[in-house]
Amino acid sequence: MKSKADEAYNIIKEKIVNLQLQPSADISEEKLIQELNISRTPIREALQKLAKDGFVIVYPRKGTIVADITLDLINSIYEIRILNEPHMSRIACMKIHDEWIQRMKAGFLSFGEQDVDIAGYIRLDYELHTELTRHTNNIFLKNLFKVVNDHNHRIRIQTSRRNDVYGRSIQEHLEIIKALEGRNEAAVEEAVRTHILTAKREAFDYFY
């Protein structure tokens, strides 16, 4: 059973990841207490955990703000991803169910290069990368990527505001899925690595 602090953490994090709380925005404890109907102590515990995971910055006796998407953050997220996610995807290759692979394939094939359902695309992107990184038996990597995938999702939502050409990214996802279909571990690993490097370039192009 989740504690009130865990409940508050998940709700506030979702607001940050989905940009309902914008980078550098002030976070009001009083407003959260009223909005979530959760008392001050679990709210503060949630904010401390969010600070530890890099989603907020707490200034003692001054207040809390949403962490900005900085150059250091982008570098850190993509360094972790490129060093670990291809390997984790290789592990997942033989464990992911055929039904899930076919559902992902149908989802990405439903998008054209023009008039893409951006919200739907982002949801599929998040689900695919979450699935690729959840099959490891390494509890430290598994816990790390729960946070990494949420940071990456936040970056993806932000960059989607300008990106109006999705053909290349859709094709990269389909290459990953094709390798999963064939249970080709080496091909999955390489396709994921290629996709991460492309996503990193797009993130830098957007923010810097």
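Predicted model: local features only at pLDDT ≥ 70, side-chain atom pairs only at ≥ 80, totals over all residues.
## Helix 5: length

Which residues of helix 5 are buried? They are Trp-100, Ile-101, Met-104, Gly-107 and Phe-108. Viewed down the axis of helix 5, these buried residues fall within an arc of 125°, and therefore they line one face of the helix. On the face turned away from that buried side, helix 5 carries the exposed residues Glu-99 and Leu-109.

The buried residues of helix 5 pack against two other helices, namely helix 6 (118-132) and helix 8 (167-181).

## The nonpolar cores

The largest nonpolar core of the model comprises 39 residues. Within this core, the residues with the most contacts are Phe-108, Tyr-121, Leu-128 and Leu-180. Two or more residues are given to the core by each of helix 4 (71-93), helix 5, helix 6, helix 7 (139-159), helix 8 and helix 9 (185-207). Helix 4 supplies the largest share, with seven residues.

Leu-180 illustrates the packing: when residues up to four places away in sequence are not counted, Leu-180 touches Cys-93, Ile-96, Trp-100, Ile-101, Leu-132 and Val-188. Another core, of 19 residues, lies apart from the largest one, and among its members are Leu-21, Leu-36, Leu-47 and Leu-50.

## The sheet

Strands of a sheet pair through backbone hydrogen bonds, either parallel or antiparallel. In this model, three strands form an open sheet in the order 1-3-2, and their pairing is antiparallel. Strand 1 (26-27) and strand 2 (56-59) are the edge strands, each of which pairs on one side only. Helix 3 (residues 40-52) packs on this sheet and touches strand 1, strand 2 and strand 3. The direction of helix 3 makes about 120° with that of strand 2.

How many bridges join strand 1 and strand 3? Strand 1 and strand 3 (residues 63-66) are paired in the antiparallel sense over two bridges, and Asp-26 has Ile-65 of strand 3 as its bridge partner. Strand 2 and strand 3 are likewise antiparallel, with four bridges between them. Here Ile-57 stands opposite Ile-65 in strand 3.

## Residues with positive phi

Three residues may be considered for their backbone angles. In the hairpin of strand 2 and strand 3, three residues lie between the strands, and Arg-61 takes a positive phi near 65°.

Leu-19 is not a glycine, yet its phi is positive, at about 65°. Leu-19 belongs to the loop between helix 1 (4-17) and strand 1. Is Leu-19 buried or exposed? Its relative accessibility is 5%, and buried means under 20%, so Leu-19 counts as buried.

Arg-183, also a residue other than glycine, has a positive phi near 50°. Arg-183 is located in the loop between helix 8 and helix 9. With a relative accessible area of 24%, Arg-183 is partly exposed, because that class lies between the limits of under 20% for buried and over 50% for exposed.

Methods: Residues numbered from 1 in each chain as written. Heavy atoms only, no water. Pairing = 2+ DSSP bridges. Contact = heavy atoms within 4.5 Å. Axes fitted to C-alpha atoms, helices over the stretch in contact; angles between N-to-C directions. Buried < 20%, exposed > 50% of the residue type's maximum accessible area, 1.4 Å probe, protein only. Arc of directions from axis to C-beta. Core = buried A, V, L, I, M, F, W, Y, C linked by side-chain atoms within 4.5 Å.
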